[in-house]
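Please open the model in your viewer and keep the sequence panel beside it.

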Amino acid sequence: MQNLGQVIKLERLKRNMKQITLAQGICTPSYLSKIENNSIIPSQEVMDLLLERLDLTIAQNSNGDDQSYLEEVNKIYFEAVMNKDRAFIQEKLQELNEEQYLFHEVTNYYTHQLVLLRMSLILPDTQANRFNPTAPLADLVTDFTDYQSFLYYVNAGIFYSHQNNHADSLEAFEKAIEYYHLINLEPWEEADFNYLLSECYLAHQRWVISVEYIQHALEFFKNGFYNSRVVECYLILSIALDKSHKTDEAYDNLILAQKICTQMNLHDHIPVIKQGLGTLLSTKGEFEKAIQHFKESLEIRSEQSQKLQPLFSLIKEYSKLGRSEEVIKWASEGLNILNSESSSSLENYHHHFTVYKLRSEQASTYESKTVKAIQFFKDVKDYRHAQKYSLFLAEYFTENTKYKNAAKYYALSNDYLFLKQDITFWEDL
């Protein structure tokens, strides 16, 4: 069974195009619906016009062997996930998407699309896109095999994580875990899944389970000499250990990561290692040394959007030291970067920088902007920052003897604390 109808439907949905728009001047929407459902075979003329409107070229293997084609794609998938070479991924995705191989079995087409999506989520452009790339596949989930369902929820979890929507990310990854228990993954894919789960649980401050998953991933990557992935694991492990009050162990892991990067010329990880060392020094109360590491991390980052994390760290360190002029300086620099970046996935930084800047300036708009920030973090289910800025506002009202408003936001911060820790009763605190 060839899958041309499914190709038409999925490519239309990827473009957020309605049936009436695609069908206009070619056929009726109802006829297009039958084509997409493979319940009718259209004329070659109609098919050519639909493909032309979607800017698609369809290819077919000379031997018509779906399995051999998928095996070649899986080799690319393996290389993409294990090495995360963005130039390689970009090149291969372009080739595969332009090719649009026509499968005989529709289930093979689903696997192909899910694998391509997994690879695309490694690329910054896909990560920054607000459009959920799993949405066009949602109507097909009931037709998926267990492995396809696993891939679907992994992709959804990664997407939501990039959008800082950690609640939906966790929900998707825990659905993926259900399917993981029903299938047999290749060891490399299982190691990558363990890494992703560790990242997810780290975002939810579940340090113990995060350490457990990352250690499983680390063992495989070390044994296979996948050095870049080993460094990634050490970075995750250092954060989880630091949050578990094992600062010395966290420091040792960062030094190991730094040593590997130096020996193997893995320079891309150095800014993140500098960032991690700064965070550890901050935990120890060595704020000036932390600031130096954050500045070094900032200086060696080439992409503007990547500068936002160390900038935010600098803002927080100077805020701890009560140096308002430095908070304003670095927050302003961050806001200037955001003004030149169009990605909506960076909106969280806009709220962070705005709140700290206005707080340090004692601006009249501080209250309204902080209320807006709280609402934003509530909407994206980032209850940690919703709680934090509720406390900011409560303290602000207390300092200005507005005790009724202060009480309101102290209570609200408690509400977000309950949501953050997923509890209902105060007795469970």
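A residue is called buried here when its relative accessible area is under 20%, exposed when that value is over 50%, and partly exposed in between. With a relative accessible area of 12%, His 269 therefore counts as buried. Bear in mind throughout that this is a predicted model.

**The whole chain**

Now zoom out and colour by secondary structure: the chain has 22 helices and zero strands. Its radius of gyration is 25 Å, close to the 22 Å that the globule rule gives for 429 residues, so the chain is as compact as a globular protein of that length.

Colouring by accessibility comes next, and here 49% of the 429 residues count as buried. The accessible surface of the chain amounts to about 21,500 Å², and carbon and sulfur atoms account for 48% of that area. If you draw contacts between residues at least 6 apart in sequence, 62% of them join residues that are at least 24 apart. A selection of charged residues gives 42 positive and 59 negative charges, whose mean positions are 8 Å apart.

Show the aromatic side chains next, among which the structure holds 28 aromatic pairs. Start with Phe 312 and Phe 353, whose ring centres are 6.1 Å apart and whose planes stand at 70 degrees, so that this pair is edge-to-face. Because Phe 312 lies in helix 17 (residues 308-320) and Phe 353 in helix 19 (residues 347-361), the pair ties together parts that are 41 residues apart in sequence. Both partners can be checked on the accessibility colouring: Phe 312 is buried with a relative accessible area of 7%, and Phe 353 is buried with a relative accessible area of 0%.

Move on to Tyr 389 and Phe 392, where the ring centres are 5.2 Å apart and the planes are at 85 degrees, so this pair too is edge-to-face. These two residues are three apart in helix 21 (residues 383-399), and therefore about one helical turn separates them. Tyr 389 and Phe 392 are both buried.

**Two residues with positive phi**

From helix 21, follow the chain to Thr 401, which sits in the loop between helix 21 and helix 22 (403-420). Although Thr 401 is not a glycine, its phi is positive, at about 55 degrees; the residue is exposed, with a relative accessible area of 54%.

Continue to Asp 422, in the segment after helix 22. Asp 422 is likewise not a glycine and has a positive phi of about 55 degrees, and with a relative accessible area of 69% this residue is exposed.

**Around helices 10 and 11**

For the last stop, select His 181, placed in the loop between helix 10 (166-180) and helix 11. Is His 181 buried or exposed? His 181 has a relative accessible area of 61% and is exposed. A distance drawn from His 181 to Asp 146 reads 9.6 Å, C-alpha to C-alpha, between residues 35 apart in sequence.

Then select Glu 190, in helix 11 (residues 187-203), which is partly exposed with a relative accessible area of 28%. Setting aside its neighbours within four places in sequence, Glu 190 is in contact with Tyr 180 and Leu 185. Finally, draw a line from Glu 190 to Phe 220: the two are 30 residues apart in sequence and 9.3 Å apart in space, C-alpha to C-alpha.

Conventions:
Residues are numbered from 1 along each chain as its sequence is written. This is a predicted model: local features need pLDDT of at least 70, side-chain atom pairs count only at pLDDT 80 or more; totals for chains, interfaces and linings use all residues. Side-chain values use heavy atoms; hydrogens and water are left out. Helices (H or I, at least four residues) and strands (E, at least two) are DSSP runs, numbered from the N terminus. The radius of gyration is taken over C-alpha atoms; the globule rule is 2.2 Å times the number of residues to the power 0.38. Buried means under 20% relative accessible area, exposed over 50%, partly exposed in between (1.4 Å probe, protein chains only). Contact means heavy atoms within 4.5 Å. Accessible areas come from the Shrake-Rupley method with a 1.4 Å probe; for residues, only the protein chains shown count as cover. Lys and Arg count as positive and Asp and Glu as negative; His and the chain ends are not counted. The place of a charge is taken as NZ of Lys, CZ of Arg, CG of Asp or CD of Glu. Rings of Phe, Tyr and Trp (its six-membered ring) pair if their centres lie within 6.5 Å; planes under 30 degrees apart count as stacked, over 60 as edge-to-face and the rest as tilted.
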